Amino acid sequence: MSLPLLTAVTPRFEAELVTKLGSSRSVHVVRRCADLAELLGAAAAGVGRVAVVSAELRGLERSAIRELHERDLLVLGVHRPGDEPGERMLRRWSVPVVVPADADQAQLDAALAELLDAGHAPDDATADHTTADHTTGDQDVREAADEVTTPHTAAPGDGARGRPERTPSRSQEGPDAEGRVVAVWGPVGAPGRSTVAVNLAAELAEPGQPVILADLDTYGASVAQLLAVLDEAPGVAAAARAADQGNLNPAVLSTMAPEVAPGLRVLTGMPRPDRWTELREHALADVLAACVQSVPLTVLDTGFCLEADEELSFDTAAPRRNGATLAALEAADEVVVVGAADPVSLQRLVRGLDQLAEVTDARTTVAVNRLRAGAVGRDPTRRVREALERFAGVTDVVLVADDQSGVDAAVLAGQTLREARPSSPARAGLRELATRVSGRVLTPPRGGRLARRTGSI
Ligand SMILES: Nc1ncnc2c1ncn2[C@@H]1O[C@H](COP(=O)(O)OP(=O)(O)O)[C@@H](O)[C@H]1O
Ligand SMILES: [Mg+2]
């Protein structure tokens, strides 16, 4: 059994490498891709089982390697001879086997043997092969591995240049203890997603129980403004960049998320909506992973739109504007769905709950915000509950009172309600919500001001 192989390597070594790869019995070259886009396209089309990529390939990022792995390709990395940073980068990106581009036939054969022998997902790269789970398709890999002739293989432990080594284990990245993720979502029309997200996070944050609040709204990020965090705070874009370069860990993350109140860290959103393309989903997944490794609770403020825009485009490798919201919902253990208490918003909420059910199985808690008599008539509590039960079958709703002056005062001060207006009537609903999503019982709001924020970065 010989496996189909794709190459995407820089021109200087390409022809020579392809010739040597062509001489290997375990693989056969099916496409020589001119660039990364062609490689990802071929991988998406299911054309290959092995991909050879060079470190200096234009546009190569960790997310591309991950995409190849997710498509079940085995990735062999090559780097310019002597290019140690390139070699290290590939290893950091979980490329399991890396060789110099001028590797001779024996070294290449040994590298392929190792790759095919490993023949598993990247995360298992250091796992015990005898116990590793083998998914469909691994049989082919095993057969191909068996066919690799061994006479040229470098002797174990000879330390020959180009001898493939394994990628370090992911477990270096941190302990397993993972925090919870709560995504705050709501339909179009500014029902108060950000206000709820900020204040929910604030109610739950304590010095001993830190919370990260991350703004993933790619249409109108507002958390930085609501909490008066400086524009130049690095935020989620910087965290995503670090993730793409393989440099994100809890320590780095904490330098990017300033503490704005005791125990409350903020990862601000995109300062300009037109920079949404910087939030690639793979990188975001890494950012969220770093969050859950860092704190017991992560609260995500999201955009409103749930359409998966790749359905509108044939370029599946393209970033999706709603990808951040969809990634947040995917990562969430629990989703708080925010609607506003007026007839138009309630109707949107009913429709939104239907749409949401199509993209997540996470537990949902419905919060109806800005509850006031003027918008829905007398006895707004009963009216809102009745409407949601009748049209959405939702019987359990948390109601958050409208408090224009309190919310305005908090925004003006760049503070949370807990700090700026501890007596706000909106806090009762927000604390009830906090109790539901955290499982921690919060006592009724107390008066008294919390300590001022401790500054940035
Ligand atoms: N409980 C509330 N009481 C009064 N005003 C509120 C309340 N919640 C939100 N608002 C106001 O509603 C507007 C939209 O809120 P925001 O949180 O930015 O919505 P979204 O994030 O859904 O777009 C803001 O002006 C905000 O101050
Ligand atoms: Mg918002």
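Predicted model: local features only at pLDDT ≥ 70, side-chain atom pairs only at ≥ 80, totals over all residues.
Figure 1. Asp 379 is placed in the loop that links helix H14 (373–376) to helix H15 (380–392). Its phi angle is near 55 degrees, a positive value in a residue other than glycine.

**Figure 2. Ala 228 in the loop between helices H8 and H9.** Ala 228 is found in the loop between helix H8 (223–226) and helix H9 (235–244). Phi of Ala 228 is near 50 degrees, which is a positive value in a residue other than glycine.

**Figure 3. The open sheet of eight strands.** Eight strands make up this open sheet, and their order is S8-S9-S7-S10-S6-S11-S12-S13. The pairing in the sheet is mixed. From one strand to the next, the twist averages 25 degrees. Helix H18 (residues 426–438) packs on the sheet, where it touches S6, strand S11 (334–340), strand S12 (363–371) and S13. The direction of H18 makes about 150 degrees with that of S13.

Figure 4. Strand S6 (residues 180–185) and strand S10 (residues 297–302) run parallel and are joined by five bridges. Arg 180 has Leu 297 as its bridge partner in S10. S12 and S13 also pair in the parallel sense, over four bridges. In this pair, Ala 367 stands opposite Val 398 in S13.

Figure 5. Strand S3 (residues 50–54) is mostly covered, and five of its five residues are buried. Both faces of S3 are covered: Val 50, Val 52 and Ser 54 are buried on one side, and Ala 51 and Val 53 are buried on the other. S1 runs parallel to S3 and is joined to S3 by four bridges. S3 is likewise joined to strand S4 (residues 74–79) by five bridges, and these two strands run parallel. Val 50 stands opposite Leu 74 in S4.

Figure 6. Thr 7 belongs to strand S1 (residues 3–8) and stands opposite Val 52 in S3. At 1% relative accessibility, Thr 7 counts as buried. When neighbours within four places in sequence are left aside, Thr 7 is in contact with Glu 14, Val 18, Leu 21, Arg 31, Arg 32, Cys 33 and Val 52.

**Figure 7. The packing of helices H3 and H11.** Helix H3 (residues 62–70) and helix H11 (residues 281–294) pack at an angle of about 95 degrees, and their axes are 9 Å apart. H3 and H11 are therefore roughly perpendicular to each other. On the H3 side, the contact is made by Arg 62, Ser 63, Arg 66, Glu 67 and Glu 70; on the H11 side, by His 282, Ala 285 and Asp 286. By class, this contact of H3 with H11 has five charged, two polar and one nonpolar residues.

**Figure 8. The nonpolar cores and Leu 267.** The largest nonpolar core has 55 residues, of which Leu 248, Leu 267, Val 287, Val 368 and Leu 388 touch the most other members. Leaving aside neighbours within four places in sequence, the contacts of Leu 267 are Leu 213, Ala 214, Asp 215, Gly 235, Val 236, Ala 239, Leu 253, Met 256, Ala 257, Val 287 and Cys 291. A second, separate core of 38 residues includes Val 198, Val 229, Val 299 and Leu 433.

**Figure 9. Glu 84 in helix H4.** Glu 84 is located in helix H4 (residues 84–92). At 51% relative accessibility, Glu 84 counts as exposed. Glu 84 and Pro 100 are 16 residues apart along the chain, and their C-alpha atoms are separated by 9.5 Å.

How values were computed: Residues numbered from 1 in each chain as written. Chains lettered and ligands numbered in written order. Heavy atoms only, no water. Axes fitted to C-alpha atoms, helices over the stretch in contact; angles between N-to-C directions. Parallel < 35°, antiparallel > 145°, perpendicular 65-115°, else oblique. Contact = heavy atoms within 4.5 Å. Nonpolar A, V, L, I, M, F, W, Y, C, P; charged D, E, K, R; others polar. Pairing = 2+ DSSP bridges. Core = buried A, V, L, I, M, F, W, Y, C linked by side-chain atoms within 4.5 Å. Buried < 20%, exposed > 50% of the residue type's maximum accessible area, 1.4 Å probe, protein only.
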